Amino acid sequence: MRRLSTAHIVMNPHRCVACWACMDKCPKKLIGKVGFLGHKHVVFKDADVCIGCKLCIKTCPNGVFSER
Ligand code: SF4
Ligand code: SF4
């Protein structure tokens with residue numbers, strides 16, 4: 001299962017500060033939370049439903065998401 005990329009988007013979870021602003025913006029609600037060893041960050045829960053709308057790129061203040 002892909003967790004860090006979809007057909008349209010790649011993410012760099014190391015840049016994520018867990019503000020969760022992107023989660024509500026994703027129209028397909030495929031962005032989820034994960035946390036290990038004190039670093040909480042986003043993951044793609046269901047990469048296959050991504051429509052490539054790029055709202056995640058526009059929303060994230062830390063450049064976590066980018067186009068493939
Ligand atoms: S908007 Fe960016 S920094 Fe905030 S939770 Fe989403 S990916 Fe992480
Ligand atoms: S491109 Fe759109 S559908 Fe895909 S993860 Fe980003 S906000 Fe969600």
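Trainee: Where does Cys56 lie?
Mentor: Cys56 is part of helix H2, which covers residues 55–59. Keep in mind that this is a predicted model.

Trainee: Is Cys56 buried or exposed?
Mentor: Its relative accessible area is 10%, so Cys56 counts as buried, the cut-off being under 20%.

Trainee: What is Cys56 in contact with, leaving aside neighbours within four places in sequence?
Mentor: Ile9, Ile31 and Phe65.

Trainee: Switching to the ligands. Which residues are closest to ligand 2?
Mentor: Cys56 again, along with Cys26, Cys50, Cys53 and Lys54. In total, 13 residues surround ligand 2.

Trainee: What classes do the residues of that shell around ligand 2 fall into?
Mentor: There are 10 nonpolar, 1 polar and 2 charged residues.

Trainee: Where does ligand 2 sit?
Mentor: In the largest cavity. Ligand 1 sits in the second largest cavity.

Trainee: Which residues are around ligand 1?
Mentor: Cysteines are among them: Cys16, Cys19, Cys22 and Cys60. The list also has Val17, Ala18, Trp20, Val42, Pro61, Asn62, Val64 and Phe65. By class, the shell around ligand 1 has 11 nonpolar residues, 1 polar residue and no charged ones.

Trainee: Back to Lys54. Which side chain does it meet in a salt bridge?
Mentor: That of Glu67, with a distance of 3.3 Å from N to O. The pair links distant parts of the chain: Lys54 is in the loop between strand E3 (39–44) and H2, while Glu67 belongs to strand E4 (residues 65–67), 13 residues apart.

Trainee: Why can side chains like that pair?
Mentor: Side chains of opposite charge can do so when their charged atoms come close.

Trainee: How many salt bridges does a search of the whole structure find?
Mentor: The search finds 1.

Trainee: New topic. Where are Ser5 and Thr6?
Mentor: Ser5 is in the segment before strand E1 (9–11), and Thr6 is also in the segment before E1.

Trainee: What relative accessibility do Ser5 and Thr6 have?
Mentor: Ser5 has 17%, so it counts as buried. Thr6 has 0% and counts as buried too.

Trainee: What do they touch, not counting residues up to four places away in sequence?
Mentor: Ser5 is in contact with Val10, Phe44, Ala47 and Arg68. Thr6 touches Phe44, Ala47 and Arg68, and also Leu30 and Cys50. Cys50 is also one of the residues closest to ligand 2.

Trainee: How many residues apart in sequence are Ser5 and Asp46?
Mentor: They are 41 residues apart in sequence and 9.9 Å apart in space, C-alpha to C-alpha.

Trainee: Last topic, the backbone. What is phi of Trp20?
Mentor: Phi of Trp20 is near 65°, a positive value in a residue other than glycine. Trp20 is in the loop between E1 and helix H1 (21–25). With 23% relative accessibility, Trp20 counts as partly exposed.

Trainee: And phi of Lys29, what is that near?
Mentor: Near 55°, again a positive value in a residue other than glycine. Lys29 is found in the loop between H1 and strand E2 (31–36). At 46% relative accessibility, Lys29 counts as partly exposed.

How values were computed: Residues are numbered from 1 along each chain as its sequence is written. Chains are lettered from A and ligands numbered from 1 in the order in which they are written. This is a predicted model: local features need pLDDT of at least 70, side-chain atom pairs count only at pLDDT 80 or more; totals for chains, interfaces and linings use all residues. Side-chain values use heavy atoms; hydrogens and water are left out. A residue is near a molecule or strand if one of its heavy atoms lies within 4 Å of it. On a 1 Å grid over the protein atoms alone, a cavity is a set of points where a 1.4 Å probe fits but cannot get out, and a pocket is an open set with protein on both sides within 12 Å along at least five of seven lines; lining residues have an atom within 4 Å of a point. A molecule sits in a cavity or pocket if more than half of its atoms lie within 2 Å of its grid points. Ala, Val, Leu, Ile, Met, Phe, Trp, Tyr, Cys and Pro count as nonpolar, Asp, Glu, Lys and Arg as charged, and the others, Gly among them, as polar. Helices (H or I, at least four residues) and strands (E, at least two) are DSSP runs, numbered from the N terminus. Buried means under 20% relative accessible area, exposed over 50%, partly exposed in between (1.4 Å probe, protein chains only). Contact means heavy atoms within 4.5 Å. A salt bridge is a side-chain nitrogen of Lys or Arg within 4 Å of a carboxyl oxygen of Asp or Glu.
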